[in-house]
Amino acid sequence: MTSAPQTIAATKALTQVMRDDRGRLLAALVRALGTFQRAEDALQDASIQALKHWGRNGVPNSPQGWLLQVAKRKAIDVIRKETSAENTAKSIAVLQEDASAEGEIDTMQTIPDERLRLIFTCCHPAIEWKSRVALTLRTICGLTTKMIANAFLDTEKTMGQRISRAKSQIAAKGIPFVVPEVDQWDARLDTVLATHYLIFTTGYAREDDLGETLCSEAIYLTRLLKTLRADDPEIEGALALMLLTHARRNARIGADGTAVSPADQDTSKWDRRAVAEGQALLQTAMSRRKPGPFQIKGAISDCHMAEDGPDWAQIALLYQALWRYEPTPVVALNWAVVAAEMGQPAEALTKLEGLADALKGYQPFHAARAKVLAQLDQKPAARQAFDQAMAMADNEADRRFLALQKAKLE
Amino acid sequence: MKYMILIYNDATKEPAFGTPEFDAMMGDYFAANEKMKADDVLRGGEGLQGIDTATSLRITGGKVETMDGPFAETREYLGGYYVIEVDDLDKALEYAALIPSAKFGTIEVRPLMNFDPAG
């Protein structure tokens with residue numbers, strides 16, 4: 001007989017394990033079973049079993065080990081029913097050996113941690129960028145398909161299809177479940193960090209709870225990466241960049257709903273602990289003497305938060321350094337903005353005009369151009385640019401900020 | 001897994017025959033071939049004659065329509081292929097990156113279905 005309190009205890013225990021250890025269990029299962037779909041199905045089956053068994057017999061000593069063992073047994077049943085290739089026999093043999101080690105249920109200490117493989121597989125460059133983000137959020141963070149769909153402004157159905165297509169692509173393309181080799185490490189890590197940062201910026205652009213969740217998940221992911229691979233300065237740099245930016249989350253919008261630039265923010269609203277952690281990480285990263293784009297971006301973010309206002313001279317040098325890694329129009333734009341801040345608006349405008357073709361669809365370009373034109377007192381052109389930037393702004397706070405700047409022209 | 005490596009080239013971007021750059025490219029092709037053979041991953045491959053030799057056909061309403069020219073009017077055309085057998089995509093991409101045409105065109109890597117009608 002199952003009593004109500006036992007059922008509640010089982011549900012609570014399962015929820016907790018799935019929140020804390022889903023990624024870890026899934027990674028171990030992908031490793032053992034070979035495909036994402038099998039691993040997910042098996043874990044799902046095991047969870048359903050867990051509710052029944054734990055409700056009746058109590059929560060086992062190692063719920064994670066229990067889930068892993070049952071998931072593998074469920075997978076064997078499924079594979080047996082598939083009347084396909086010869087290697088089915090082989091894979092069953094491997095699995096059985098593993099699953100029939102009776103009485104020796106794994107604990108969190110003995111379950112191998114395969115999450116580094118999982119992280120790199122989800123962010124393989126052969127997968128389209130949007131699917132990398134979706135797979136990462138689904139499999140490692142355990143976000144629901146609905147939440148991921150909301151983040152992308154997609155329907156749940158479209159997102160569900162995207163995720164399942166990505167999973168079958170991993171199998172069909174032959175993307176391996178491995179940690180990249182040394183000669184591939186830097187390039188592959190860059191793709192992973194870019195994906196995590198994209199999750200972060202997507203969240204940062206939103207003012208709602210989902211935005212906060214996405215930022216926290218991006219920080220969680222990069223922190224996890226740092227735990228799994230200590231001593232990598234780019235991982236530390238990316239984490240620092242996110243922490244320093246996130247620290248300003250509560251100060252970036254004023255009481256009247258207008259966006260506030262870092263230099264004008266009420267610094268008492270900054271999360272001091274996050275700032276301190278970000279700065280310490282940057283120090284550690286830079287002491288390793290292996291610079292990279294995320295460390296530089298982290299340092300730029302730090303310079304924006306200097307006590308006496310942004311250190312523009314230092315920021316200009318940092319953009320020059322960043323240009324070597326990322327000679328992109330967006331970096332050129334930010335560099336030009338720094339020139340304007342350092343009292344060279346005419347030079348900045350020349351640089352900006354050169355970027356017009358590449359960046360005409362990029363809202364920050366129009367905002368920056370408007371500001372520089374205002375600085376040069378070219379009022380009609382500035383007004384037009386402000387209007388353009390406001391029309392393209394994706395949130396109300398930025399629109400208000402631009403409207404305020406435009407009003408100052410008069 | 002077996003992969004086909006398809007080489008898409010823009011002939012106008014490739015070094016011209018008779019130049020030192022052309023010789024260097026051929027040298028790199030030779031080196032790539034030797035490496036694939038030495039690693040025992042090469043299962044086949046060929047270069048294709050130019051697109052001016054291409055003939056396309058389709059059947060419309062039961063009638064064979066024959067046309068002069070390649071399938072699609074693009075700038076980069078299929079110029080040749082390799083078939084290799086390796087463990088996974090990462091390995092396949094490593095060999096694909098050895099192909100010198102990657103510097104002038106695009107290399108596409110696709111798994112085969114293992115459905116060889118020639119047996």
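Buried means under 20% relative accessible area, exposed over 50%, and partly exposed in between, with a 1.4 Å probe and protein chains only. The structure is a predicted model, in which local features need pLDDT of at least 70 and side-chain atom pairs count only at pLDDT 80 or more, while totals for chains, interfaces and linings use all residues. Residues are numbered from 1 along each chain as its sequence is written, chains are lettered from A and ligands numbered from 1 in the order in which they are written, and side-chain values use heavy atoms, without hydrogens and water.

View 1. Of the 410 residues in chain A, 47% are buried. Taken along the principal axes, the box filled by the C-alpha atoms of chain A is roughly 80 × 50 × 40 Å.

**View 2. The ring pair of Tyr197(A) and Phe294(A).** A search of the whole structure gives 9 aromatic pairs over all chains (ring centres of Phe, Tyr or the six-membered ring of Trp within 6.5 Å; planes under 30 degrees apart are stacked, over 60 edge-to-face, the rest tilted). In one of these pairs, the rings of Tyr197(A) and Phe294(A) have centres 5.9 Å apart and planes at 80°, so the pair is edge-to-face. The pair links distant parts of the chain, since Tyr197(A) belongs to helix H9 (residues 182-204) of chain A and Phe294(A) to helix H13 (residues 293-304) of chain A, 97 residues apart. Tyr197(A) counts as partly exposed because its relative accessibility is 22%, whereas Phe294(A), at 4% relative accessibility, counts as buried.

**View 3. The tilted pair of Trp323(A) and Trp335(A).** The rings of Trp323(A) and Trp335(A) form an aromatic pair that is tilted, with 6.2 Å from centre to centre and 45° between the planes. Here too the pair links distant parts of the chain, with Trp323(A) in helix H14 (residues 312-325) of chain A and Trp335(A) in helix H15 (residues 329-341) of chain A, 12 residues apart. Trp323(A) has a relative accessibility of 32% and therefore counts as partly exposed, and Trp335(A), at 22%, also counts as partly exposed.

View 4. Tyr197(A) and Phe294(A) belong, together with Phe200(A) and Tyr204(A), to one aromatic cluster. Over the ring of Tyr204(A) sits the charged end of Arg252(A), 4.3 Å from the ring centre (a charge over a ring has NZ of Lys or CZ of Arg within 6 Å of the centre and within 35 degrees of the ring normal). Phe294(A) has Lys297(A) lying over its face, at 5.1 Å from the ring centre.

**View 5. The salt bridge between Asp186(A) and Lys290(A).** Over all chains, the structure holds 29 salt bridges (a side-chain nitrogen of Lys or Arg within 4 Å of a carboxyl oxygen of Asp or Glu). In the salt bridge of Asp186(A) with Lys290(A), the closest N and O atoms are 3.4 Å apart. This pair links distant parts of the chain, as Asp186(A) is in helix H9 of chain A while Lys290(A) is in the loop between helix H12 (272-287) and H13 of chain A, 104 residues apart. Asp186(A) is partly exposed because its relative accessible area is 47%, and Lys290(A), with 42% relative accessibility, likewise counts as partly exposed.

**View 6. The salt bridge between Arg249(A) and Glu212(A).** Arg249(A) forms a salt bridge with Glu212(A), in which the closest N and O atoms are 2.9 Å apart. Arg249(A) lies in the loop between helix H11 (233-246) and H12 of chain A and Glu212(A) in helix H10 (residues 209-228) of chain A, so the pair ties together parts that are 37 residues apart in sequence. Arg249(A) counts as buried because its relative accessibility is 10%, while Glu212(A), at 31%, counts as partly exposed.

View 7. A network of salt bridges links Arg22(A), Glu40(A) and Lys167(A). In chain B, the side chains of Asp39(B) and Lys35(B) meet in a salt bridge at 2.8 Å, N to O. Asp39(B) counts as partly exposed at 30% relative accessibility, and Lys35(B) counts as partly exposed at 40%.

Terms used:
Helix = DSSP H or I, 4+ residues; strand = E, 2+ residues; numbered from the N terminus.
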